[in-house]
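Welcome, and please open your viewer. We will walk through this model one selection at a time.

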Amino acid sequence: MPLIISQIITGINSTDNEITAAALKKLHLNKAAVKRSGVYKTSLDARKNTDIKLVSSVWLELDKKTEEQLCRKYAFCTYADGTAPLIADESKISQDGKRVVIAGFGPAGMFAALALAEYGFKPVVIERGGGISERVNAVESFWSGGMFSEETNVQFGEGGAGTFSDGKLTTRIKDPVCRLVLEKFAEFGAPHEILTKAKPHIGTDKLRDIVKSMRERIILLGGEVRFHSKLTDIKINGGRVTEVVINKNEALPCTDLILAIGHSARDTFKMLFDKGVFIEPKPFSVGARIEHKQTDVNRSLYGVQYKNPALPQGEYQLSHRINGRGVYTFCMCPGGTVVPSQSEENTVVTNGMSEYARDGENANAALVVSVSPEDFGTHPLDGVEFAGKLERKAFELAGRNYKAPACTVGSFLNGKCSLENADISPTYARGVSESDFYALFPEFITDMMSAGLKSFSSKMKCFGDENAVMTAPETRTSSPVRITRGEDLQSISVKGLYPCGEGAGYAGGIMSAAADGIKTAAYIMQK
């Protein structure tokens with residue numbers, strides 16, 4: 001198992017060979033003692049923008065005796081977790097009589113289907129939206145002023161909501177399955193740098209081709225992927241799911257159903273609740289998208305070196321708490337755009353998206369405030385309704401034409417909410433309308449957003465720009481419900497039902513959702 005050497009600090013222009021050499025120097029090792037080596041992860045330390053450094057970890061293969069001596073001697077030496085095998089014991093896999101259906105083809109559903117297919121199962125994936133090409137056409141048509149589809153949009157369709165995002169592959173979970181997710185992405189066409197970058201991303205443009213390639217592999221291995229196939233009912237007998245109903249008229253028998261429906265499947269949440277599936281409300285966050293010029297973000301982070309071509313486009317993550325409630329930035333998209341992201345007619349929802357190059361003029365991030373059942377109610381679907389009301393009100397305030405409410409930071413802080421003096425060109429595709437955020441959000445939300453803006457301006461200069469623009473509302477930060485499951489990953493109320501990924505409340509982002517899909521598939525196969 002490789003040895004991981006952490007905290008290798010070098011200049012920002014260092015090559016992989018120079019980073020590895022620095023690791024050997026740190027260990028007082030001769031290059032001849034190393035069988036194989038490579039850079040494991042790299043990140044930037046820009047806390048002092050006058051002295052920006054690369055902080056890396058390096059993997060080394062040495063003889064066992066040397067490895068053991070180094071691990072005893074140095075605290076910065078550890079053994080790599082390695083890639084967790086998908087299945088711990090292949091002899092436990094039984095395919096007899098198994099008909100696994102997967103509802104949803106976002107990251108959780110895709111990786112669950114791929115895992116099952118690679119081990120000889122023939123999963124059936126049902127996805128309410130269209131395939132990737134159809135989906136891109138439908139989304140871009142709507143963004144250009146065309147008709148809106150409630151089934152094929154930014155939230156629904158092949159690839160899930162993450163397909164129209166920055167394609168971030170970061171996560172807070174520490175699970176060796178995450179390495180497997182990265183390797184699979186690279187296998188299907190992602191840049192291999194995602195294996196070593198501390199903050200890897202793919203970009204919406206590259207992610208679309210990767211999603212298509214994964215689907216083609218699943219089908220090649222005997223799986224089935226059915227678009228425009230919405231889960232509208234489940235049949236439960238003896239406390240176990242036995243059948244799913246598609247589009248209200250087609251029954252499909254199943255022994256196991258993986259629910260990878262995403263955080264926006266509100267009608268499906270209601271159907272499950274009505275069928276007696278245990279669902280509980282969970283905290284999430286709401287707010288707006290804030291846009292700055294990317295050069296201003298870079299200057300705030302990197303100081304005089306902001307034009308250095310060795311530095312990536314700047315990104316940030318900021319937070320502030322008052323009396324237990326948080327306001328924070330989320331899903332920051334360097335060089336990106338703010339995109340219309342609704343899944344229901346006559347609503348407005350914002351999100352952020354970047355291409356791989358991250359070369360747009362503006363940067364954007366969600367500026368959001370945490371909300372909980374104490375704010376919106378304890379009924380399992382109260383959080384869904386709370387977010388929906390904000391989205392419908394935004395549609396009304398902005399003119400009932402799919403424009404989004406917007407105002408400058410300075411006017412918001414002064415309680416007036418206008419676009420006068422804005423020095424940012426809003427990127428929201430359907431256009432923005434000067435609107436009163438105080439009429440849109442409850443007072444506790446606007447109070448926390450104001451506090452966050454003031455706090456963040458002391459940490460990053462660009463947040464002190466009163467002419468930056470905010471576009472609202474951001475309501476899809478995470479699922480407003482949890483479809484509660486037990487240690488066996490099954491619903492605590494219905495056997496054979498596997499709530500999975502972000503929509504079930506067990507993941508947050510592409511990486512953790514994909515990892516959850518793999519682990520759910522592995523459990524079903526070993527069961």
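Residues are numbered from 1 along each chain as its sequence is written, and side-chain values use heavy atoms, leaving out hydrogens and water.

Start by colouring by pLDDT, the predictor's confidence in each residue, from 0 to 100. The chain's mean is 93, with 95% of its residues at 70 or more. Now select residues 82–88, where pLDDT is below 50. Where pLDDT is low, the predicted coordinates should not be read in detail.

Next, show the strands (DSSP runs of E, at least two residues, numbered from the N terminus). Seven of them form an open, mixed sheet in the order β14-β15-β18-β13-β21-β19-β20; strands pair if DSSP finds at least two bridges between them. β14 (319–322) and β20 (432–434) are at the edges, each with a single partner strand, so one side of each has no neighbour in the sheet.

Select β13 (residues 284–293) and β21 (residues 469–474), which pair in the antiparallel sense over four bridges. Here E291 stands opposite V469 in β21.

Finally, pick the cysteines. Counting a disulfide as a pair of cysteine sulfur atoms within 2.5 Å, the total is zero. Which cysteine sulfur is closest to that of C417? The one in C407, 4.1 Å away, which is too far for a bond.

Methods. This is a predicted model: local features need pLDDT of at least 70, side-chain atom pairs count only at pLDDT 80 or more; totals for chains, interfaces and linings use all residues. Contact means heavy atoms within 4.5 Å.
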